[in-house]
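This report walks through a structure for someone meeting it for the first time. Please look over the sequence and the 3D view before reading on.

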Amino acid sequence: MAGITVRSVRLADVGPDGEAFLDAAEHSRAAGIRDSAARREFLAGRIALRDFAAVVLGVQPSDLTAASACPDCGSGPEIDHGRPGYLLAGAPTGVFLSLSRSRGWALLAAGSGAAVGVDLEHMSGVGFAGFDDVVLTPGERELLAAVPPEQAPSWRASAWARKEALLKAHGTGLRTDPATVEAFADFPDSTRLMDLDPAELGLPPEFAAALAVLGGT
Ligand SMILES: CC(C)(COP(=O)(O)OP(=O)(O)OC[C@H]1O[C@@H](n2cnc3c(N)ncnc32)[C@H](O)[C@@H]1OP(=O)(O)O)[C@@H](O)C(=O)NCCC(=O)NCCS
């Protein structure tokens, strides 16, 4: 797809040197994460996203200032959560970004002139009791009933990844009830929602991955 770049990163492969380029809001968010492994993965995800954005933009990681956007709290360098983004010389870059972390991996996407959302889900994370009631629409529960039991974990992971990718592209995240979002609907031409092949991205096969693109061509 023109103007869309997607990449997977193994978080353990991200060295700590890039921490020096992270901004105050990112360090402050990391400081609030008590679990050291989770903190390290958060930092690795932010380093990887910054490096990825720098490559897409043709600049150095140190040229970028993190500026996230939360529908409730606003946007800018002081915001440490919400849709990720960067300022370049104090101005928006024009490139939309999205990040997902799961089980030691990150999935990154960039869209030039088109809002993007990505999500990465491990099949073992979607089998908990109540998942179908909390996450699926009535129509999706009917679809799932026709899925062979051995394929149900992969189907659920795909449905969840598609919903989260769409909600990230819209910038709301789970402020929108996922049980109101159709993962397999026919969308208008301005909305593209697709499964990504884990093998093509270098991801282990137990993952489901999805990309949503709003606008653009
Ligand atoms: C977006 C969301 C669904 C992702 O959750 P998840 O599946 O646990 O985590 P993932 O690893 O797939 O994605 C995390 C990334 O999603 C992105 N993200 C978070 N909120 C986002 C939003 N509103 N729009 C787009 N992307 C968002 C961030 O890049 C985040 O990375 P970070 O932790 O480095 O900031 C979830 O974080 C969410 O719904 N957040 C909104 C609710 C909320 O945070 N409310 C309180 C804030 S006032």
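In which sense do strand β9 and β11 pair, and over how many bridges? Strand β9 (residues 115-122) and β11 pair in the antiparallel sense over eight bridges, where two strands are said to pair if DSSP finds at least two bridges between them. Helices (H or I, at least four residues) and strands (E, at least two) are DSSP runs, numbered from the N terminus.

The model is a predicted one, in which local features need pLDDT of at least 70 and side-chain atom pairs count only at pLDDT 80 or more, while totals for chains, interfaces and linings use all residues. Residues are numbered from 1 along each chain as its sequence is written.

**The chain as a whole**

The chain holds six helices and eleven strands, and its C-alpha atoms fill a box of roughly 50 × 40 × 35 Å along the principal axes. A compact globule of 217 residues would have a radius of gyration near 17 Å, and the chain agrees with this at 17 Å; the radius is taken over C-alpha atoms, and the globule rule is 2.2 Å times the number of residues to the power 0.38. Of the 217 residues, 36% count as buried, a term for residues with 20 or more other C-beta atoms, placed from the backbone, within 10 Å of their own.

Strand β11 (residues 207-214) is mostly covered, with eight of its eight residues buried. F207, A209, L211 and V213 point one way from β11, whereas A208, A210, A212 and L214 point the other way, and all are buried.

**Pairings compared**

| Pairing | Bridges | Facing residues |
|---|---|---|
| β7 and β8 (residues 105-112) | eight bridges | S102 and W105 |
| β2 and β5 (residues 86-88) | three bridges | T65 and L87 |

β7 and β8 form a hairpin with two residues between them, and R103 in the turn has a positive phi of about 45 degrees. β2, β5 and β6 form an open antiparallel sheet in the order β2-β5-β6. β2 (64-66) and β6 (91-92) stand at the edges with a single partner strand each, so one side of each is left without a neighbour in the sheet.

**Around the ligand**

22 residues surround the ligand, and the closest are R83, S100, K168, G173 and L174; a residue is near the ligand if its C-beta atom, placed from the backbone, lies within 6 Å of it. The elements giving two or more residues to this shell are α2 (36-57), β7 (95-102) and α5 (152-170), and the largest share, four residues, comes from β7.

Two of these elements can be described further. Seven of the eight residues of β7 are buried, so β7 is largely enclosed by the rest of the structure. Likewise, 15 of the 19 residues of α5 are buried, so α5 is largely enclosed by the rest of the structure. α5 is followed by G171, whose phi is positive, near 85 degrees.

Terms used. Buried ≥ 20, exposed ≤ 12 C-beta atoms within 10 Å, placed from the backbone.
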